[in-house]
Amino acid sequence: MDNVRHFNPRDTADDDGLNHTPPHDREAEDLVIGAIMHSAPAYTECGEVIDRDDIYTPANRLIWDVVGGIVAKGDQPHPVLVRAEIEKLGRLREVENGHLIDRLGSEYLPAPMAAKFAERIYETARQRRFDEHSTALKAAIVRKADSSELAEMVAAFQQAETLRESTGHGPAHLVAALLDWDQFFATDFGAVQLLPGKLMGPGQQITVVGDGKAGKSLFVQEWAWRMATGQTFLGDKAQAPIRILYLDAENGQEQVQERFLSFGGGHGRMGELRYASFPPVRPLDTAGGGADLIALVKATGAELVVIDTVSRFISGPENDADTWLSLYRHTLLPLKRERVGSIRLDHFGKDKERGGRGSSAKTQDVDHVWELAAQGGGSLTLKRTHTRTGIGPDYFALLRQARRDGDNWAPGGTRHVIALPDPVGFGPSGGTGMAAIPGTVEHLVAALDAAGLPDDAGNRVVKAKLAELKIPAGSTKIAAAVKARQNRGNLPPVQRSPEAFPEPFPETFPGNVPRNASRDGKVAGQTFPGNVGGTPGTPPVPHVPPSKEGDGEGTPEQAGETEAHPCDICGRPIDPNWARRGYTTHLGCDPTTGSHPDTPPTPGSPTNRA
């Protein structure tokens, strides 16, 4: 049987289309290669149409790569230089020992015509990919692949083709990523102005995380509208309007209209904001979805994209890191490459301490992660938990304000502002708005005020009260809080924020929750419905039991005890009743000079302690 031709059982007849030369255009390849060996602009223009994989002939592909290296170094290509570079690589025999370079370089197209022939190469390369895909499908059918596997092969091919369309072509596209060192070091990145609100810079990608009651959409919608109309936000100065594309798969159109009217928007007042309500884009963690979004960005000229909410725009599991890596690869990376910023809205997971819901991989690609939390009564905190740059503030204490006009929200009556200055008066501006942030001195003061502790309470009483309230605090912050509360009686009255409305505001907000309040939404003496209005006068001082000393059970102090306690500053005795309440100094003693109010310090003497 030696005269019998044996063949692989996986081979099929020529009728099946498996044994043929793949589509390619050798003539167009030769003309393009000849042109780019003489012209860097010709290489750049062709590189916008094709990449190295579109070139079928290996020898031509080698010349393409070498010319790309020459152009990347800023040199003008020439056949002599190309031959020398290939000879250095020891690969001259792959180009017919240089004869191919001489032949293609002697008769070549004018540079402006090269891109036209590159389009021919692109078209035949696309046909070749379809041909290879059909061959792979036929081979899979021969080996009895099931329909699900065939469907996956088709889907993967379609995604790859779509990704190719959206990410550019060839070394020219790659060369564009190389830094121009002179221009790079001449750029002052520290001078780049943050976007209004100081939450992000141009081209950065951030995530705003919060639970369903925090009003993430309401916050970001107002922010986007103000940026798009060139207005101020969170006290920051106004800038030129920014072109924004808002993708919303979370909020109904009636809510969107209600909210923007309440901000002050409306017909002719939306600026550069483009709003896509439930857009039919494919999942953004796929190549098709990334291509859809890039197409929308190019159509609108957007400089910033808002995705509300990101979980509505993905197809993979939230707990799978591959989902977020795919989102970055297909969507966020192309946006970042084009210097288009993005804001992603996300929900908290079951454990708020761990941040947003799902895999931790979702925070690896963003520049900042902001967590928005509702404190009740319209108070909000915005805290930055992750950052790449560290530029800008890390905390904001905010107030969400809204006004009713009968059953509707008053036009222009809803906004987010920096919280009113703290009554403590810390900081160079007379207030920092930090009372809502745990761990700050302002927060301790606010907690003690809320507990009804008198302003003149000393360190020991304050420490005991904080322990009772289960608020951790070190001795330094306790001392600062005590001093602030004792001294604030000498401070001028706190001024209201210039952005605050003079009227009280309801607790519900446009589009957030059903409104169950009265038609005017007002309750006398309340900041928000459900918050009891303050009553005049000083709240009663809670009884502080006398200190006890002795064994573990505590030994009551004897009646009439008059043991003197020296002041920590001037050394003079403190009234026993005051000492039992925790005071260690006279209220008027000056810690700088050590003086008692009744006895000014002697000139030249640092202290007049007894």
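Which side chain does the side chain of D25 make a polar contact with? The legends below start with the whole chain and get to that spot at the end.

**View 1. The whole chain, a predicted model.** Here you're looking at 17 helices and 13 strands, where helices (H or I, at least four residues) and strands (E, at least two) are DSSP runs numbered from the N terminus. Take the contacts (heavy atoms within 4.5 Å) with a separation of 6 or more: residues 24 or more positions apart account for 63% of them. Residues are numbered from 1 along each chain as its sequence is written. In this predicted model, local features need pLDDT of at least 70 and side-chain atom pairs count only at pLDDT 80 or more, while totals for chains, interfaces and linings use all residues; side-chain values use heavy atoms, leaving out hydrogens and water.

**View 2. An open sheet of 9 strands.** Follow the order β3-β2-β4-β5-β1-β6-β7-β8-β11, and you'll find mixed pairing. Two strands pair if DSSP finds at least two bridges between them. At the edges sit β3 (273-277) and β11 (415-418), each pairing on one side only. From one strand to the next, the twist averages 25°.

**View 3. β2 beside β4, with a helix packed on the sheet.** Strands β2 (residues 244-248) and β4 (residues 304-308) run parallel and are joined by 5 bridges. Look for L245, which stands opposite V305 in β4. Helix α12 (residues 287-300) packs on the sheet and touches β2, β3 and β4. Its direction makes about 140° with that of β2; angles run from 0 to 180 degrees between N-to-C directions, and axes are lines fitted to C-alpha atoms, for helices over the stretch in contact.

**View 4. Helix α1 against helix α2.** Helices α1 (residues 26-36) and α2 (residues 40-47) pack at about 135°, their axes 7 Å apart. That makes them oblique to each other, the word for angles that aren't roughly parallel (under 35 degrees), roughly antiparallel (over 145) or roughly perpendicular (65 to 115). V32, A35 and I36 in α1 meet A42, Y43 and C46 in α2.

**View 5. D25, in the segment before α1.** D25 is buried, with a relative accessible area of 13%. Back to the opening question: its side chain makes a polar contact with the side chain of R120 (2.9 Å). Such a contact is a pair of N or O atoms within 3.5 Å; within protein, one must be able to donate a hydrogen and the other to accept it, and residues adjacent in sequence count only if both atoms are side-chain atoms. Not counting residues up to four places away in sequence, D25 touches R120 and T124.

Technical notes:
Buried < 20%, exposed > 50% of the residue type's maximum accessible area, 1.4 Å probe, protein only.
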